[in-house]
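Subject: Structure for your files

Hello,

Here is the structure I said I would pass on.

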Amino acid sequence: MALAVCLLFDTETDRAIRRLWGRLEESGIPTLLTHTHRKHVPHLSYAVLRTYDRVAVVSALEEMPDGGPVPVYIDTLGLFRRGRASLVPAPSSELVQRQNRVVRSVETTGADLHRYYVPGRWTPHCSLSPRTRREELDRLGAVVYDVLPIEATLDRAVLIDTATGEHTPLRMIP
């Protein structure tokens, strides 16, 4: 079980990514639509915490200034180890600075940050398929590159319990 500090996409982009998940599923590639608890939403995670005090994390985040919506430009399909396929937005300096501030804030609560979210290692991404097999890569690329590029806005922030899919909205966007 982990807690993710996430940004959610604007309504239009959320719908576009859900349609993309559906097209991938139709082509036989499993996506977050059918993964684990099936409550996944298109998102970008600033941080994933392995141990944490939820109340302290919410308090620390909500003490941060509201940075407002975050524009992102997505024109890349990325693959992480073990076959995780993702949309990868251009890592603007603003996005990287925001992620650094969020990590510093949540670490003050004693939370244990997952190693992939350590500043300097973090790659911003929106997960598509949790376990893409090598033989699916051509189909995956064909479907994804039919919809890219995407200009989007991340306009809400939430905490997501990765075990249950439960969302805790934040009052601001770090």
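The buried residues of helix H4 pack against helix H1, strand E3 (70-80), strand E4 (84-89) and strand E6 (126-129). Helices (H or I, at least four residues) and strands (E, at least two) are DSSP runs, numbered from the N terminus. Contact, here and below, means heavy atoms within 4.5 Å.

Before the rest, the ground rules. This is a predicted model, in which local features need pLDDT of at least 70 and side-chain atom pairs count only at pLDDT 80 or more, while totals for chains, interfaces and linings use all residues. Residues are numbered from 1 along each chain as its sequence is written, and side-chain values use heavy atoms, with hydrogens and water left out.

The buried residues of H4 are Leu140, Gly141, Val143 and Val144. Buried means under 20% relative accessible area, exposed over 50%, and partly exposed in between (1.4 Å probe, protein chains only). The arc is that of the directions from the helix axis to the C-beta atoms.

How do H1 and H4 lie relative to each other? The axes of H1 (residues 11-26) and H4 (residues 137-145) come within 10 Å and cross at roughly 150 degrees. Axes are lines fitted to C-alpha atoms, for helices over the stretch in contact, and angles run from 0 to 180 degrees between N-to-C directions. H1 and H4 are therefore roughly antiparallel. On this scale, angles under 35 degrees count as roughly parallel, over 145 as roughly antiparallel, 65 to 115 as roughly perpendicular and the rest as oblique. The crossing of H1 and H4 is right-handed; a crossing is left-handed if the near helix is turned anticlockwise from the far one by less than a right angle, and right-handed if clockwise.

On the H1 side, the residues that meet H4 are Leu20, Arg23 and Leu24, and their partners in H4 are Leu140, Val143 and Val144. By class, this contact has 5 nonpolar, no polar and 1 charged residues. Ala, Val, Leu, Ile, Met, Phe, Trp, Tyr, Cys and Pro count as nonpolar, Asp, Glu, Lys and Arg as charged, and the others, Gly among them, as polar.

Arg139 also belongs to H4 and is partly exposed, at 34% relative accessible area. Leaving out residues up to four places away in sequence, Arg139 touches Ser27, Gly28 and Ile29. Arg139 and Leu24 are 115 residues apart in sequence but 8.2 Å apart in space, C-alpha to C-alpha.

H2 and H3

In H2 (residues 54-62), Val57, Val58, Ala60 and Leu61 are buried. Seen down the axis of H2, these residues fall within an arc of 165 degrees, so they line one face of the helix. Their cover includes strand E1 (3-9), strand E2 (43-51), helix H3 (93-107), strand E7 (150-161) and strand E8 (167-169).

The axes of H2 and H3 come within 9 Å and cross at roughly 135 degrees, and the two helices are therefore oblique to each other. This crossing is right-handed. Val57, Ala60 and Leu61 in H2 meet Val102, Ser105 and Val106 in H3. The residues of that contact divide into 5 nonpolar, 1 polar and no charged.

Thr108 sits in the loop between H3 and strand E5 (112-113) and, at 64% relative accessibility, counts as exposed. Thr108 and Val57 are 51 residues apart in sequence and 8.7 Å apart in space, C-alpha to C-alpha.

Single residues

Most residues other than glycine have a negative phi, and most peptide bonds are trans. Arg82, which is not a glycine, has a positive phi of about 65 degrees. Arg82 lies in the loop between E3 and E4 and is exposed, at 60% relative accessibility. The peptide bond from Leu148 to Pro149 is cis, with omega near 5 degrees; Pro149 is in the loop between H4 and E7.

Apart from residues up to four places away in sequence, His40 touches Arg18, Trp21, Leu32 and His35.

Regards
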